[in-house]
Amino acid sequence: MSSMFDRLFGSAKQTMVAPEDALPGRVSPILTNPAPHTVLGTSITGPWPEGTRVLYLAMGCFWGAEEVYWQVPGVVSTAVGYMGGTTPNPTYEEVCTARTGHAETALVAYDPTVVTEEQLLRTFWERHDPTSGYRQGNDVGTQYRSAVYWTTPEQEAAVRATAAVYGDVLAAQGYDPITTELAPAEQAGPFYFAEEYHQQYLSDAKHPNGYRCHATTGVPFPAAA
C-alpha cells in the first residue's frame, strides 16, 4: 500500500511522460559559459587528456552523486545535467515537473589507467538504492530514477556484469529486482548541462553543508575474487 506521502505528492511524478506530451524546451543551452570545476580546476565540458572516458550516472539528486565522484582518484572532471528525456535544453524547474523525461545525471570523466569501470560502478551500486524505481528516499519523481548510460564497449560490459552480480546479492537479501535504466548514451539522448549554480553544488566554495541524498540499500558490493 502506498504511503500518504506518495498519494499526496509522488504519484503524478512517478509516471514517465510520453514524448508527445513533453515540454517543448528551447534551442539554446542553459549553461552558456561553464566555469572550471570548482574542486578539480578542470574543464567540465572538455576537452580532456587523451584516453579520458566518460560515463553518465544517475542515482537520485545529482548534487550528492557528483560530490561522490569528484573525490575518486582518477576522475578528471565531473558535471551535472539532464539526460534520458525528450525536452531539448530543459531547465531545472522544467525537469522537476516530470514533463521532460530526464533523469538528474552526473557526468564522470575519468582516466581508465587509474580507475576502472568496475570501481566506478561498485561505488554507483553501493551509494544509492537501485531497486526503488522513480524515487530515492524522500526525493520522488522520474528525475530521481537510477540509470547508467555508457559510451564505450568496455563500459557496457562492466555495467551489465556488475548489475547482474549486485542484483543477485540484493535478491539474496530479499530486495526487489534492480530497476536501473541501462542504455548506451546515444540511445539516451544528449546530456544537457544543468545551470551553473548546480555545478559542484556541494563544494566548499558553494554549499558544503547542503542537502545530500544517499538512500542506499546498505548492501555492499561483493569483493573481487
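Student: Which strand does F193 lie in?

Tutor: F193 lies in strand β8, residues 192-193. Before we go on: this is a predicted model, where local features need pLDDT of at least 70, side-chain atom pairs count only at pLDDT 80 or more, and totals for chains, interfaces and linings use all residues. Residues are numbered from 1 along each chain as its sequence is written, and side-chain values use heavy atoms, with hydrogens and water left out. Strands (E, at least two residues) and helices (H or I, at least four) are DSSP runs, numbered from the N terminus.

Leaving aside residues up to four places away in sequence, F193 touches I30, L31, I44, T45, A79, V80, G81, L107 and Q199; contact here means heavy atoms within 4.5 Å. Take L107: it is 86 residues from F193 in sequence, yet their C-alpha atoms are 9.1 Å apart in space.

L107 leads us into strand β3, residues 103-110. Eight of the eight residues of β3 are buried, so the strand is largely enclosed by the rest of the structure. Buried means under 20% relative accessible area, with exposed over 50% and partly exposed in between (1.4 Å probe, protein chains only). In a regular strand, side chains alternate between the two faces of the sheet. Here A103, T105, L107 and A109 point one way from β3, while E104, A106, V108 and Y110 point the other way.

Now for the neighbours of β3. To count as a pair, two strands need at least two DSSP bridges between them. Y110 is the bridge partner of V75, and Y110 is also the bridge partner of R53.

Helix α2 (residues 62-70) has nine of its nine residues buried, among them F62, W63 and W70. What covers those buried residues includes β1, β2, α3 (92-95), β3 and α4 (117-126).

Stepping back, the protein has six helices and eight strands, and buried residues make up 49% of its 225 residues. Among contacts between residues at least 6 apart in sequence, 81% join residues at least 24 apart.
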